[in-house]
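I open this notebook to record what I looked up, entry by entry, for a reader who is new to the structure.

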Amino acid sequence: MSARVDIPADTSAAAKGTAPLIAPASTHVKGGYKKGLAIFDFVLRLGAVAAALAAAATMGTSGQTLPFFTQFFQFQASYDDLPTFQFFVIAMAIVSGYLVLSLPFSIVAIIRPHATGPRLLLIILDTVALTLNTAAAAAAVAIVDLAQNGNSSANWLGICQQFDDFCQSATGAVVASFIAAGVLLFLIVISALALRKR
C-alpha cells in the first residue's frame, strides 16, 4: 500500500524568491523632518496669534485721563488721538485675524507634509503679514519714543511724565508687535525649509 500526496505548484512571489513590496526604511525617515517642521509651524502660529492679539488689544484699550483742578476740566490721552496708533490697532487686528485663518492651512501641512501648495500659500501670505506688522510696529515705536523723550528741535515735550499708564500700555503693545514680527519671520524661514526638495 502506497499513499500518494499531490502538492500543488506554488506561484506566489515568496516561492519564486522575490521580495515583497515593502518600502525601504530610509524613505520613511527622509521626509520625517517636514512633519516636524509643520508641527513646529503650528505651535509658532499659535504664539504669533497671541502676540499680535495682545498688541492690538493692549493698544486699543490704552488711555488715561488726568484731572486738572476740577473734574470738568481734564486732560486725556487715548490711542485714537493719534492716527499712527489707530493704524497700529487696525494693522495688528488684520495680522492676528490672518494668523487665525492660517491655522487650518498649517494643519493641512501637518497631515500632508509633502504638499507644496499650502506651504507656498503660507510663505507668500506670511510675507505680506510680516510687512504690515513691521510697518505698524515701526510707526508706533516712533510715536512712543516721541511721547517719552519729546523733540527738542521742534520744542515738543514728552508727555510720559504725566501720562505714564498710557505710555506703558503703548510700549507694551509695541514690544508685543515686535515679538509677533519675529515669530512671523521665523515662520517664513520654516516654510522655506519645508519647501526644499529632498
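**Entry 1. Terms and model.** Before placing any residue, I note that helices here are DSSP runs of H or I with at least four residues, numbered from the N terminus. I also note that the model is a predicted one.

**Entry 2. Overall layout.** I looked up the secondary structure and found 6 helices and 2 strands in the chain. Read from the N terminus, the order of elements is α-α-α-β-β-α-α-α. Of the 198 residues in the chain, 34% are buried. I then turned to contacts between residues at least 6 apart in sequence, and 79% of these join residues at least 24 apart. The chain exposes about 12,300 Å², with carbon and sulfur atoms supplying 68% of that area.

**Entry 3. Helix α4.** I examined helix α4, which covers residues 83–111 and has 29 residues. Its first and last C-alpha atoms are 43 Å apart, close to the 42 Å expected at 1.5 Å a residue. Where does α4 have a kink? I located a kink of about 35 degrees at Leu103, shortly before the proline Pro104.

**Entry 4. Salt bridges.** How many salt bridges does the count come to? I recorded 3, and I took them in turn.

I began with Arg45 and Asp41, which form a salt bridge with their closest N and O atoms 2.9 Å apart. Both residues belong to helix α3, residues 32–60, and because they are 4 residues apart there, about one helical turn separates them.

I went on to Arg119, which forms a salt bridge with Asp41 at 3.6 Å between the closest N and O atoms. Arg119 lies in helix α5, residues 117–149, and Asp41 in helix α3, so this pair ties together parts that are 78 residues apart in sequence. With a relative accessible area of 1%, Arg119 is buried.

The remaining entry on my list was Asp126, which forms a salt bridge with Arg45, the closest N and O atoms being 2.7 Å apart. This pair links distant parts of the chain, since Asp126 is in helix α5 and Arg45 in helix α3, 81 residues apart.

**Entry 5. Asp126 in detail.** I returned to Asp126, which lies in helix α5. Its relative accessibility is 0%, so Asp126 counts as buried. I then listed its contacts, leaving aside neighbours within four places in sequence: Asp126 touches Arg45, Tyr98, Leu184, Leu187, Ile188 and Ser191.

Conventions:
Residues numbered from 1 in each chain as written. Predicted model: local features only at pLDDT ≥ 70, side-chain atom pairs only at ≥ 80, totals over all residues. Heavy atoms only, no water. Expected span 1.5 Å × (residues − 1). Bend = angle between axes of the 7 residues up to and from the residue. Salt bridge = Lys/Arg side-chain N within 4 Å of Asp/Glu carboxyl O. Buried < 20%, exposed > 50% of the residue type's maximum accessible area, 1.4 Å probe, protein only. Contact = heavy atoms within 4.5 Å. Areas by Shrake-Rupley, 256 points an atom, 1.4 Å probe, with all protein chains shown as cover.
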